[in-house]
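Dear colleague,

Please find below the structure that I am handing over to you. My notes on what was found in it follow directly after.

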Amino acid sequence: MNCQNFEMIVNDLARQQMMEANARDQALAHTDECEQCAIRLSDERALSQKLRELTSEMGRLEAPGRIEGELLAAFRKQKFVEPRPSANHSRAYWATAIAAAVLLAVVSIVAMSMRPSPTPIAAEGTYIPPFRPGIAAAIGGAEAPPPRGEATPEMRPKRSNNLASYKSKRHANPSLARSNSADNPLDKDALVVDTDSIIAANYDNEIATEFMPVGYGSPMSLQDGGQVMRVELPRSALAGFGLPVNMDRVNERVKADVLVGTDGQARAIRFVQ
Amino acid sequence: MLAGDEEALAALYRRRQGGIYRFALQMCGFQALAEDVTQEVFMALIRNGETFDPTRGSVNAFLVGVARNLLLRRLQRERFYAPIDDNSDDDTTIHESFVTAEGPLDELSRIETINSVRMAVLALPARYREVVVLCDLQEMSYVEASEILSCAVGTVRSRLHRARALLIEKLRPVRQEDVAPSTAKSARCFA
C-alpha cells in the first residue's frame, strides 16, 4: 500500500469503521514503514477520541420538557381545527365542479344550436379544396364526391385538420375572411370556425394510424401545401391498405383523414378511431 | 399519529427529540435556537406528516433532514455565526468538576478539550460541519447521512475526509501553544 491509498482509508481506520481485514492490515503495515502516515493516523485517532468525548458529554442533553407539552397541545388543537378547513375545501370543490358542469352544458348547447346541418356546411360554409374524382379512386372503393352542394354523408368533409393553414388561407383570401356582410355567400365562416374548434378540441381523444400513401404518386408533405379532409369510408376500405377488418362490423363505416394535394389528388390517408 | 393518535406522537417525540435537539445544538451552538428547531421539526411533522415517504428513508432521517433545513434557513436569516458562549455556565461546570472521581485537573483538562473541539466543529463551514455532526457526533452511517443530506455516499465520505483534516488543523495550534507559549510573545518589542 502506498501513501495515496492509505489516505483514502485513514478516516475509516481511525473511526474504526468496518473494512476489509486485508486492507486494514496493509494500512497498519504501511504506518510501520511511513512515518508521515503514522503521524496522520495518530492525528486522526486523537481527533476521533476527542469527538467521542464530545459525543458522550452531549449525549445526555435533551430538549426541555415544556416542548413536549406545547407540542401535544398544538396537536390537540390541530385535531379540532382540521375538520373545518376540509369541510370548506369540500364545499368549494363541489361548487367548482357544479359550476364547471353547468358551463360545459351551456357551451355544448350553444355549440349544438349553432352547428348547422351537414349538407349546408358542405355546400356553402366549409372551405373545401377542389375534390376530384381521382381521389375516390385512389383511396379505394369510395365513390367520387358529387359537385359542391350535393355532398353525401359517405364522403362528407367534416373539417380541415390543419387549422393554421386554413386560417392563413382565410387571411390570404379576403373572400374567406370573416365578414358581417349579408351578401357574402361564405358568411357562415364563423359557424365553420366554431365547428372546427369543437372538433379540434376532440382531436386529442382520437386514435389514428400513420398516414399511408395513396397510389404511386410522388411523396409529399404538408409543407408542399394541401388539405386534410375527414371522410367516412366503408370498413372494407381498411383491407385495401393491409389493415385487419372486423367482419362483424363490416357494414359499418370508418372515419379517415385524406391528405389532398394542391392539385386535388389524394396523396395519403390515415384511419381514425 | 397521522390518524390523530396523541400517544403515538408522544412516543415518537420521546424517542427522537434527544437526537434532533443534539443535532441542532451541535450544528448551531445556541441552546435557544436548538429548542426552537426541535419544536418546529415536530410541528412540521404534525402539520405535514403525510409528506413522509418511508421508501425514501427512516423517520429519523426525515426528522433530522427537516431539522437541517430549518437550521440552515435560520442560520442564514439570523446570522448565528458567533461561537458558543461557554462563560455562562463555567461556574457550575467547574464546581461540578471538583467532585468527580478523576480529580479536578483531569476533569478541567477534559472539559477544556471538549470545548475546544466543540468550537472547532462550530467554526467549520456548514457543509463540513453537518457531516461531522452526523457521522462522528451522531454516529450515523454514511448511507443515513447521505439520505439526510440528499447527496451521494461518496460525497459524504469526501466531505467528512476534508472536514476532519480541517478539524485537525484547527486543533493543532492549541497544542503548539502549549509546547512553546513564550517564544512568540518575546519576539516583539514596543520600546
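In chain B of this predicted model, 64% of the contacts with a separation of 6 or more are between residues 24 or more positions apart. Chain B has 191 residues, of which 42% are buried. The chain contains 9 helices and 0 strands, so that its pattern along the sequence reads α-α-α-α-α-α-α-α-α.

For chain A, 65% of the contacts between residues at least 6 apart in sequence join residues at least 24 apart. Of its 273 residues, 33% count as buried. Chain A has 9 helices and 4 strands, and from the N terminus on the order is α-α-α-α-α-α-α-α-α-β-β-β-β.

Strand E2 of chain A (residues 227-234) runs antiparallel to E3(A) and is joined to it by 8 bridges. Within this pairing, Leu259(A) of E3(A) stands opposite Val228(A). E3(A) is also joined to strand E4 of chain A (residues 266-272), again in antiparallel fashion, by 6 bridges. Here Lys255(A) has Val272(A) in E4(A) as its bridge partner. The hairpin of E3(A) and E4(A) has 5 residues between the strands, and Gly264(A) takes a positive phi near 85° in it.

The next topic is the interface. The contact involves 35 residues from chain A and 42 residues from chain B. About 3800 Å² is buried between the two chains, and carbon and sulfur atoms give 59% of that area. There are 8 salt bridges between chain B and chain A. One of them pairs the side chains of Arg15(A) and Asp136(B), at 2.6 Å from N to O. On the side of chain B that touches chain A, at least two residues each come from helices H1 (6-28), H2 (31-48), H5 (104-122), H6 (126-137) and H8 (153-179) of chain B. H1(B) gives the most, with 11 residues. By class, this side of chain B has 20 nonpolar, 14 charged and 8 polar residues.

Over all chains, the count of salt bridges comes to 22. Asp136(B) also meets Arg164(B) in a salt bridge, at 3.0 Å from N to O. Because Asp136(B) lies in helix H6 of chain B and Arg164(B) in helix H8 of chain B, the pair ties together parts that are 28 residues apart in sequence. Asp136(B) counts as buried, at 10% relative accessibility, and Arg164(B) is buried as well, with a relative accessible area of 0%.

Two further salt bridges lie within single helices. In helix H8 of chain B, Arg172(B) and Glu169(B) are 3 residues apart, about one helical turn, and their closest N and O atoms are 3.3 Å apart. Arg172(B) is partly exposed, with a relative accessible area of 24%, and Glu169(B) is partly exposed at 47%. Salt bridges that share partners also join Glu7(A), Arg15(A), Arg40(A), Glu44(A), Asp136(B) and Arg164(B) into one network. In helix H4 of chain A (residues 65-81), Arg66(A) and Glu70(A) are 4 residues apart, about one turn of the helix. Their side chains meet in a salt bridge at 3.7 Å, N to O. Arg66(A) is partly exposed, with a relative accessible area of 43%, as is Glu70(A), with 35%.

Yours sincerely

How values were computed:
Residues numbered from 1 in each chain as written. Chains lettered and ligands numbered in written order. Predicted model: local features only at pLDDT ≥ 70, side-chain atom pairs only at ≥ 80, totals over all residues. Heavy atoms only, no water. Pairing = 2+ DSSP bridges. Contact = heavy atoms within 4.5 Å. Buried area = accessible area lost by both parts, 1.4 Å probe. Salt bridge = Lys/Arg side-chain N within 4 Å of Asp/Glu carboxyl O. Nonpolar A, V, L, I, M, F, W, Y, C, P; charged D, E, K, R; others polar. Buried < 20%, exposed > 50% of the residue type's maximum accessible area, 1.4 Å probe, protein only.
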